[in-house]
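Welcome! Here is a short tour of a protein chain, written for someone meeting it for the first time. Take a look at the sequence and the model, then read on.

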Amino acid sequence: MGAAFAIQVMTGKENNVKKLMEWAFSKCENAQKWVKAIHNVTESTVRVLSEGGLGKVRERAIMPGYIFLEMNYDVDQHNQSAAIPADVWHLIKSIPGVLKQFTSSGQVISADEFQQMLGLEPEEQVEVVVSTDESSIVVTEATQVNEAEDAVQNALHQVNTAKTVEEQVEAEKVLESAEKELEGLIEKSYEEPAGATAIALRQIQKSATESSEKGIIASIKVMIKNGKERICFPKTLLEKIISCNISECKSSPNNVIKILIKYVRQKIGIS
């Protein structure tokens, strides 16, 4: 693998620019001599459909706004021998969507660094979307802070509108209690809303001891959006849980998550 240069492009147009550049280079003999390959580092995601099975594969740029030119040469220790001929430089600049070229001497990514960068590209992911009841979503500390702030404001209003000394003393006690509760909540760290899947994984994680066990859990990402849980994990993990439950290979998203949780629990050694 050779050294590489970064090219800044319009975000969301990485693949289009890559295709245009490959076409332009195919017409330029000098570009073919100097450039080995053009890379758009992406992540593939496929969604489990409601009727079972998998949907279309979607590509998402891991490094939005950049593509990389892998060169047909390596560079010296200080990356000072890197260069791109002027005609290739101008050809790159003329391609629609290209914003900036980091192609000067010293701005190159060495072969070793570039190989490590490509090695960070994650495997194809699977996304499962399941409905989450409002009642099953854990109230976050951020929400609790908002409620505590409202309680302080209400108590303060009661203090300011008290008509007797007794009412004012009682209101001040309520205000003091509300302020203490608010201070305590602010000191805590904030957490994202958590649905049933996230809670189940957190409980399993408490029992994980081996790094491999923790790695399985870490590979599963869960977020709540529009009242639904979106669970994303490696496609190879889906293939493992399906192979263990071949009769349920056409399961609905909810059943896929049940199988996933069951599989992870077994791996951790939880009955």
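A salt bridge is a side-chain nitrogen of Lys or Arg within 4 Å of a carboxyl oxygen of Asp or Glu. Side chains of opposite charge can pair when their charged atoms come close. By that definition, the structure holds four salt bridges.

Before looking at them, a word on the model. It is a predicted one, in which local features need pLDDT of at least 70 and side-chain atom pairs count only at pLDDT 80 or more, while totals for chains, interfaces and linings use all residues. Residues are numbered from 1 along each chain as its sequence is written, and side-chain values use heavy atoms, leaving out hydrogens and water.

| Salt bridge | Closest N and O atoms |
|---|---|
| Glu-70 and Lys-36 | 3.6 Å |
| Arg-230 and Glu-127 | 3.9 Å |
| Glu-176 and Lys-180 | 3.7 Å |

Glu-70 sits in strand S5 (residues 66–71) and Lys-36 in strand S2 (residues 35–39), so to speak a link between distant parts of the chain, 34 residues apart. Strands (E, at least two residues) and helices (H or I, at least four) are DSSP runs, numbered from the N terminus. Glu-70 counts as buried because its relative accessibility is 4%, whereas Lys-36, at 48%, counts as partly exposed. Here buried means under 20% relative accessible area, exposed over 50%, and partly exposed in between (1.4 Å probe, protein chains only).

The pair of Arg-230 in strand S9 and Glu-127 in strand S7 also links distant parts of the chain, 103 residues apart. Both Arg-230 and Glu-127 are buried. Glu-176 and Lys-180 are four residues apart in helix H6 (residues 165–187), which means about one helical turn separates them. Glu-176 is partly exposed, with a relative accessible area of 44%, and Lys-180 is exposed at 56%.

Now for the whole chain. Its secondary structure comes to ten helices and nine strands, and 39% of its 271 residues are buried.

What does helix H1 look like? Helix H1 covers residues 14–26, and its 13 residues should span 18 Å at 1.5 Å a residue, which agrees with its end C-alpha atoms being 18 Å apart. That expected span is 1.5 Å times one less than the number of residues. The buried residues of H1 are Glu-14, Val-17, Lys-18, Met-21, Ala-24 and Phe-25. Seen down the helix axis, these fall within an arc of 130 degrees, so they line one face of H1; the arc is taken from the directions from the axis to the C-beta atoms. The face turned away from that buried side carries the exposed residues Lys-19 and Trp-23.

Finally, the interior. A nonpolar core is a set of buried Ala, Val, Leu, Ile, Met, Phe, Trp, Tyr and Cys residues joined through side-chain atoms within 4.5 Å. In the largest core, of 25 residues, Val-128, Ile-220, Phe-233, Ile-241 and Leu-260 touch the most other members. Its contributors of at least two residues each include strand S7 (125–131), strand S9 (228–234) and helix H10 (253–268). Helix H10 gives the largest share, eight residues. A second, separate core of 22 residues includes Met-21, Ala-24, Val-35 and Met-71.
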